Amino acid sequence: VGYPQRYSHSQFISRYRTLGIREMKKAAKAKTKVKPIAVLVDTIAKKMALIDSKASSADEKVGKKSKSDGKVDLLAIGVQVGKTKVFLRRRAFDIIEKMRKDFMVSAARKVQAVARGYIQYRTFNEYGEANLQLQCWTRVIIAERKVQTARERFNATRIQTAYRKITARQKYNQILVIARWCQRMQRGAAGRAQYKAVDRLRRAAISVQCAVRVRKAVQMLESLKAEAKNLSNISEERDKFRDRMEEMRLEMERLKEEKKKEAEEAAKKKAALDSSKESDALNLKDEIKRLNNELSTARKQLVEEQQRSQEALAAMQVKDKELEEAKESIDGLRSEIELLKSQAGNTQAAANGSDEEEDLLRKLNDALAESTERGKEIKKLKKELRNSSSASKPQST
C-alpha cells in the first residue's frame, strides 16, 4: 500500500501550518528563497524524529545522523514530498495528527485561559464598581445623618440663644424704664430750680437791655433828624442841576439853528459866487469844526452833570437804607417794651416805668412820622432826577 495519505501542497500547508508557523515566517524573511512546503515538512520531520528518538534505539541512530548532518531522513520517518503532493505513511500520519491535536488542545487551553481571565477581570471590575457604589451610598447616608444632627444642634443653639436674648431684653427694658423714670424725676427737680435762678437773671438782663436800646434809639433818631435836614441841601442842588440842564438844552438848540442858518447861507453863497467857491468852502469847514468842538464840550458837560446826578441818587439810596434800619430797630424796641409791659406786674415801680415807656413811645412815633415824610420827599427827588436824566439823553444823542 505504501503511502495511504496523500495531500496536495496547499492542503498540507492549510492543515498542518500551525506546526511550523514560526519557521515559515523566518524562511519568508530570509534572503534565500525556500518553498514553504519544504520548510514545513522539514520542521515536522524534526519534531517526529525527536518523538521517535525517545521511543526506540533504531531511531537513535537517525537522531545522531540528524544531529551530525543537520537534516532528517524523510524516508525513515515516513514522509515524502513530491512535485504536487505530500505522501504520508500510516504511522507518520498518526504522529502528525497527534501533534496537530496536541497543538490545538494547547491553543484552546490558552484561548480558554485568556477568555476566563478576561471574564474574571470583568466580573472583578463589576464587583469593584458595585462595592464602590455601596460604599458611596453608605458614606452618603452616614454624612446625611451627621449633617442632620449638626443642623439640629445648630438650630437648637439658635433657639436657645433667641429665647435667652428675649428674656434678657425684657429684664433690661424693665430696669431701663425704672432708671429713666428716676433720672427724669431727679433731672426735672434740678432743671426747675436752675430755670428759676436763670429766669430771674434773664428778666434783669432784659430790663437793662431795653434801657440801653432805648437810649441808642433816641441817639439814632437825633442823628436821623440831622441827616434829614441835610436833605434840603440835596433838593437845592437838584433845582440848580435842573436849571443848568435847561440852559444846556437851550444852548444846544441855539447852536443847531445857527448851524442850519450858516449852512443855508453857505449854500446860497456857493450857488451865487462860483469864483469864490474854494475860499467859502474853507471858511465853512472852519466853522463846522468850531461848531463840532462846541458840541463836544457841551456833551462833556452833560456827562459830568449825569455823573453828579448818579452820585446824588447813590447818597439818597444810602439814606433810605439807614431809614429802613432805624425802622427795624424801632420795631424791635416796641416789641421789647411790650414784653416789659407784660412782665411788669401790678407794682408801683412797674407803674412809674410804664409812664416813662409811654413817653418813649410818643417820641418814637414822632420820629417814625418824620422819617416817613423824609422818605416821601426822597422818592419825589428820585422821580424828578430820573425824568431829568431821561430828557437829557435824547438831547445829548
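## The largest pocket

The largest pocket of this predicted model has a volume of about 430 Å³. A pocket here is an open set of points on a 1 Å grid over the protein atoms alone, where a 1.4 Å probe fits, with protein on both sides within 12 Å along at least five of seven lines. Its volume is the space filled by probe spheres set on the points, which are joined across faces, edges and corners. Lining residues have an atom within 4 Å of a point.

The pocket is lined by 16 residues, and Thr18, Leu19, Lys47, Met99 and Phe103 are the closest to its centre. Helices α2, α3 and α6 each give two or more residues to the lining. α6 gives the most, with eight. By type, the lining holds seven nonpolar, three polar and six charged residues. Ala, Val, Leu, Ile, Met, Phe, Trp, Tyr, Cys and Pro count as nonpolar, Asp, Glu, Lys and Arg as charged, and the others, Gly among them, as polar.

## The chain

The chain has eight helices and three strands. Along the sequence they follow the pattern β-α-α-α-α-α-β-β-α-α-α. Both are DSSP runs numbered from the N terminus: helices are H or I with at least four residues, strands are E with at least two.

Of the 397 residues, 21% count as buried. Buried means under 20% relative accessible area, exposed over 50%, and partly exposed in between (1.4 Å probe, protein chains only). The chain exposes about 30600 Å², and carbon and sulfur atoms supply 55% of that area. Areas come from the Shrake-Rupley method with a 1.4 Å probe, and for residues only the protein chains shown count as cover.

Contact means heavy atoms within 4.5 Å. Among contacts between residues at least 6 apart in sequence, 79% join residues at least 24 apart.

## The nonpolar cores

A nonpolar core is a set of buried Ala, Val, Leu, Ile, Met, Phe, Trp, Tyr and Cys residues joined through side-chain atoms within 4.5 Å. The largest has 25 residues, of which Phe12, Tyr16, Ile44, Met48, Val79 and Leu88 touch the most other members. Two or more residues come from each of α1 (9–16), α2 (21–29), α3 (36–55), β3 (85–88) and α6 (90–272). The largest share, eight residues, comes from α3.

Leu88 touches Tyr3, Pro4, Gln5, Tyr7, Phe12, Gly78, Val79, Phe93 and Ile96, not counting residues up to four places away in sequence. Apart from this core lies another, of six residues, including Phe241, Met248, Ala298 and Leu302.

Glu97 is found in α6. Glu97 is buried, with a relative accessible area of 19%. Not counting residues up to four places away in sequence, Glu97 touches Arg15 and Tyr16.

Ile21 is found in α2. Ile21 is partly exposed, with a relative accessible area of 25%. Ile21 and Pro36 are 15 residues apart in sequence and 9.9 Å apart in space, C-alpha to C-alpha.

## Basis

Residues are numbered from 1 along each chain as its sequence is written, and side-chain values use heavy atoms, with hydrogens and water left out. In this predicted model, local features need pLDDT of at least 70 and side-chain atom pairs count only at pLDDT 80 or more, while totals for chains, interfaces and linings use all residues.
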